[in-house]
Amino acid sequence: MEKIRCGWCEKDDLYRKYHDEEWGKPVYDDETIFEFLILESFQAGLSWYTILSKRENFRKAFDHFDYHKIADYSEKKIEELMNNSGIIRNRLKILATIINAQKLIEVQKEFGSFSKYIWGFIGGSPIDNTPKALADIPATTEISDMISKDLKKRGFKFVGSTVIYAHMQATGMVNDHIETCFIRK
């Protein structure tokens with residue numbers, strides 16, 4: 001019997017694998033949370049499929065999302081990234097990645113971990129929205145608005161409410177698998 005999935009992931013195996021193995025599963029480690037924050041910020045204005053198809057290139061180019069290394073990137077490294085055709089070569093997004101790594105470290109110092117900070121907005125447990133159809137899934141919520149506003153206040157870049165809501169979905173802060181999706185069962 002064919003598995004029923006959320007409609008957005010039926011495009012191909014890359015989407016299905018991401019949907020089945022990652023999307024909506026709670027993530028509590030700072031490294032993976034940071035990876036998704038960066039990938040979501042690069043996705044702004046593009047399709048998630050574009051980002052997923054370049055994910056391994058991003059991992060290699062950005063030192064496997066080691067935020068300690070990224071926080072110290074030099075102008076030489078920025079130019080290397082700008083010349084890397086395997087990633088999205090957007091200077092503002094590259095600079096934002098460096099700033100966001102620096103800001104993440106600041107948040108860790110204040111809260112003990114970035115995970116504790118970000119999950120604190122929802123009390124540490126995932127929000128289960130139980131959408132009946134894709135049309136029931138919002139692009140933003142009051143919580144994503146609140147997180148976005150706080151991150152911006154702390155100096156993070158490319159963290160608008162839509163990016164943050166997508167990040168919440170990716171890291172399992174919200175479960176937006178549709179009612180009939182096999183993952184929900």
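Buried means under 20% relative accessible area, exposed means over 50%, and partly exposed lies in between, using a 1.4 Å probe and protein chains only. Keep that in mind for this tour.

This is a predicted model: local features need pLDDT of at least 70, side-chain atom pairs count only at pLDDT 80 or more, and totals for chains, interfaces and linings use all residues. Residues are numbered from 1 along each chain as its sequence is written, and side-chain values use heavy atoms, with hydrogens and water left out.

**Stop 1**

Select cysteine 181. Cysteine 181 is buried, with a relative accessible area of 0%. A disulfide here is a pair of cysteine sulfur atoms within 2.5 Å.

How many disulfides does the structure hold? The count is zero.

**Stop 2: arginine 91**

Select arginine 91 and glutamate 75. They form a salt bridge, with the closest N and O atoms 3.4 Å apart. The term means a side-chain nitrogen of Lys or Arg within 4 Å of a carboxyl oxygen of Asp or Glu. Arginine 91 lies in helix H7 (residues 91-111) and glutamate 75 in helix H6 (residues 75-82), so the pair ties together parts 16 residues apart in sequence. Helices are DSSP runs of H or I with at least four residues, numbered from the N terminus.

Check the surface. Arginine 91 is partly exposed at 31% relative accessibility. Glutamate 75 is partly exposed at 47%.

Glutamate 79 is partly exposed, at 32% relative accessible area.

**Stop 3: glutamate 110**

Select glutamate 110 and arginine 154. Their salt bridge has its closest N and O atoms 2.8 Å apart. Glutamate 110 is in helix H7, and arginine 154 is in the loop between helix H9 (142-153) and helix H10 (161-170), so the pair ties together parts 44 residues apart in sequence. Glutamate 110 counts as exposed at 51% relative accessibility. Arginine 154 is partly exposed at 22%.

**Stop 4: a network**

Select Glu22, Glu35, Arg55, Glu56 and Arg59. Salt bridges with shared partners join these residues into one network. Over the whole structure, the search finds 17 salt bridges.

Notes
Helix = DSSP H or I, 4+ residues; strand = E, 2+ residues; numbered from the N terminus.
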